Amino acid sequence: MNTHEIRVTGDGSKTIFLPELNETYHSSNGAVQESLHIFIQNGLDLVKKKGPIRILEVGFGTGLNAFLSASWAEKNNQPIHYIGIEAKPLPPELCFQLDYPRHIGQNTEKIYDELIHCDWEIENQLSPHFSIHKKEMKIQDFVTEEPTDLIYFDAFGPRVQSEMWDITILDKMFQSLNSGGSLVTYCAQGQFKRDLKAVGFSLESLPGPPGKREMTRATRI
Ligand SMILES: C[S@@+](CC[C@H](N)C(=O)[O-])C[C@H]1O[C@@H](n2cnc3c(N)ncnc32)[C@H](O)[C@@H]1O
């Protein structure tokens, strides 16, 4: 039985479907469109910092969010240091088949290739402004070494993986952020938002990507 299936989403970009969980890695309305809207336009574009930006991603998956961030770093001449946490890394050959560089722009093949093939557990300087440290571990075991400026919270949904949305993890996310730093996610569920408030976040409910009414940005004031 196939453990991973490749599916084409509404904007023509591909994602992975996991039959075991009946869940896709991205929105079926558009994988690239969703990542750009939630993590870049409502996350990275809004970070106001002169020095290197530190990003923590929960659920590195296909590397799409890291790829968009690396492209952003070079376009804006803004150094980014990225930490990608992933409990079950995907085979690079599978990620390669998603053909993401075709959607992101010319001359981006090399950086995506390096992103999915670079070693785990070490620092990799992939381009002049982008370095990444991929960590194979559960977020439950992650300990912050240096505070971060932005968190991409991209876990599977509460319906299939409720433990990822537990208040203890949200508290850990809050403690990992610099003051003024934000967490962005596609999730806008009521209990999730109440828990974010309870651990100290200040919330904004923003319009979601096409096909989704709302998304969440939570800031540590
Ligand atoms: C929605 S997908 C991530 C999509 C990804 N950001 C991308 O652009 O492809 C959720 C990811 O979280 C990972 N995951 C599941 N449990 C986890 C855990 N306890 N800690 C860290 N990552 C986990 C899954 O293996 C999966 O890759």
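View 1. Asp 171 counts as partly exposed because 16 other C-beta atoms lie within 10 Å; here a residue is buried with 20 or more other C-beta atoms within 10 Å of its own, exposed with 12 or fewer, and partly exposed in between, the C-beta atoms being placed from the backbone. The residue belongs to helix 6 (residues 167–176). Helices (H or I, at least four residues) and strands (E, at least two) are DSSP runs, numbered from the N terminus. Between the C-alpha atoms of Asp 171 and Val 199 the distance is 5.5 Å, although 28 residues separate the two in sequence. The model is a predicted one, in which local features need pLDDT of at least 70 and side-chain atom pairs count only at pLDDT 80 or more, while totals for chains, interfaces and linings use all residues. Residue numbers start from 1 along each chain as its sequence is written.

**View 2. Asn 178 in strand 9.** Asn 178 is found in strand 9 and is partly exposed, with 14 C-beta neighbours inside 10 Å. Leaving aside residues up to four places away in sequence, Asn 178 touches Pro 147, Thr 148 and Asp 149; contact requires C-beta atoms, placed from the backbone, within 7 Å. Arg 220 is 42 residues from Asn 178 in sequence, with a C-alpha to C-alpha distance of 7.3 Å.

View 3. Eight strands form an open sheet of mixed pairing, in the order 6-7-5-4-8-9-11-10; two strands pair if DSSP finds at least two bridges between them. Strand 6 (123–127) and strand 10 (202–207) are the edge strands, each pairing on one side only. Neighbouring strands of the sheet are turned by 20° against each other on average, direction ignored. Helix 2 packs on this sheet and touches strand 4 (53–58), strand 5, strand 6, strand 7 (130–136) and strand 8; the direction of helix 2 makes about 175° with that of strand 5. Axes are lines fitted to C-alpha atoms, for helices over the stretch in contact, and angles run from 0 to 180 degrees between N-to-C directions.

View 4. Strand 9 and strand 11 run antiparallel and are joined by four bridges. Leu 183 has Ala 218 of strand 11 as its bridge partner.

**View 5. Helix 1 and its cover.** Helix 1 (residues 31–41) is mostly covered, nine of its eleven residues being buried. These buried residues are Ala 31, Val 32, Gln 33, Glu 34, Ser 35, Leu 36, His 37, Ile 38 and Phe 39. Their cover includes strand 2 (14–18), helix 2, helix 4 (101–104), strand 8 (148–153), strand 9 (177–185) and strand 11 (214–219).

**View 6. The shell around the ligand.** Of the 18 residues around the ligand, Gly 59, Gly 61, Thr 62, Leu 64 and Ala 87 come nearest; a residue is near a molecule if its C-beta atom, placed from the backbone, lies within 6 Å of it. Helix 2 (64–75) and strand 5 (80–86) each supply at least two residues of the shell. The shell comprises nine nonpolar, five polar and four charged residues, where Ala, Val, Leu, Ile, Met, Phe, Trp, Tyr, Cys and Pro count as nonpolar, Asp, Glu, Lys and Arg as charged, and the others, Gly among them, as polar.

Terms used
Contact = placed C-beta atoms within 7 Å.
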